[in-house]
Amino acid sequence: MTNGCILQMALLLWLPTTALAVNYNLLRFQQRSSSLACRKLLGELKGAPEHCMEARMDFKVPEEIKQPQQIQKVEAVLVIHEMFLQIFCIFGRNYSSTGWNETIVKNLQVELSWQIDRLKEALTEIREEGNFTPGNVSVLHLKSYYSRIVQYLKAKMYSRCAWTVVQAELLRNFSFLNRHTVFLQN
């Protein structure tokens, strides 16, 4: 009888960590797939002429985003969520001057929204487990970074050239996202 109780206790203790591990693996797979789809869609958007890249600006990507060191899974989820959320918000702005295919932009928004929802679910699970600490410095740095991008678009009055510069910058973001995805493994 005692051995049966010990076995049941061991299974109960093991099961939640296994479920969480599966969630992180699934989240990593979903994020990589979504990131690839977003990159493809962004690449399909026709940019403005080459001369627009002369107006390129250093938006100052936070160093911890460009070169993440050993970070916890929770922080990786927070950063990835914030990046997808901010990119989604940027594509909700006035891009009418770009001449972009509306269907491609909508598909990009749907893909971003889908991934944001998956990440929200993971964050809810993390909060419920008590592994969440609000006020992440990386997220604050990201908000400033994306704010600079938005300010650039506004200052350039959402011109086609400005959007071309932002499109190139956001394409770079998916490389950074992939670097953070590595930390979602068990």
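**Figure 1. Helices H3 and H5 run roughly parallel to each other in this predicted model.** The angle between H3 (residues 73-90) and H5 (residues 137-155) is about 15°, and their axes lie 10 Å apart. Because angles under 35 degrees count as roughly parallel, this pair falls into that class. The crossing of H3 and H5 is right-handed. On H3, the contact involves Glu75, Leu78, Val79, Glu82, Met83, Gln86, Ile87 and Ile90, while H5 contributes Ser138, Val139, Leu142, Lys143, Tyr146, Ile149, Val150 and Leu153. Of the residues in this contact, 11 are nonpolar, two are polar and three are charged.

**Figure 2. Helices H5 and H6 are roughly antiparallel to each other.** H5 packs against H6 (residues 160-181) at an angle of about 160°, with the axes 9 Å apart. An angle over 145 degrees counts as roughly antiparallel, and the pair is therefore described in this way. The crossing of H5 and H6 is left-handed. Tyr145, Tyr146, Ile149, Tyr152 and Leu153 of H5 meet Ala162, Trp163, Val165, Val166, Glu169, Leu170 and Asn173 of H6. This contact comprises 10 nonpolar residues, one polar residue and one charged residue.

**Figure 3. Phe91, Tyr95, Trp100 and Trp163 form a cluster of aromatic rings.** These residues are linked by ring pairs. The model has a count of eight aromatic pairs. Trp163 also takes part in the contact of H6 with H5.

**Figure 4. The charged end of Lys73 sits over the ring of Tyr24.** The distance from this charged end to the centre of the Tyr24 ring is 4.9 Å.

How values were computed. Residues numbered from 1 in each chain as written. Predicted model: local features only at pLDDT ≥ 70, side-chain atom pairs only at ≥ 80, totals over all residues. Heavy atoms only, no water. Axes fitted to C-alpha atoms, helices over the stretch in contact; angles between N-to-C directions. Helix = DSSP H or I, 4+ residues; strand = E, 2+ residues; numbered from the N terminus. Parallel < 35°, antiparallel > 145°, perpendicular 65-115°, else oblique. Left-handed = near helix turned anticlockwise from the far one by under 90°. Contact = heavy atoms within 4.5 Å. Nonpolar A, V, L, I, M, F, W, Y, C, P; charged D, E, K, R; others polar. Phe/Tyr/Trp six-rings, centres within 6.5 Å; stacked < 30°, edge-to-face > 60°. Lys NZ or Arg CZ within 6 Å of the ring centre and 35° of its normal.
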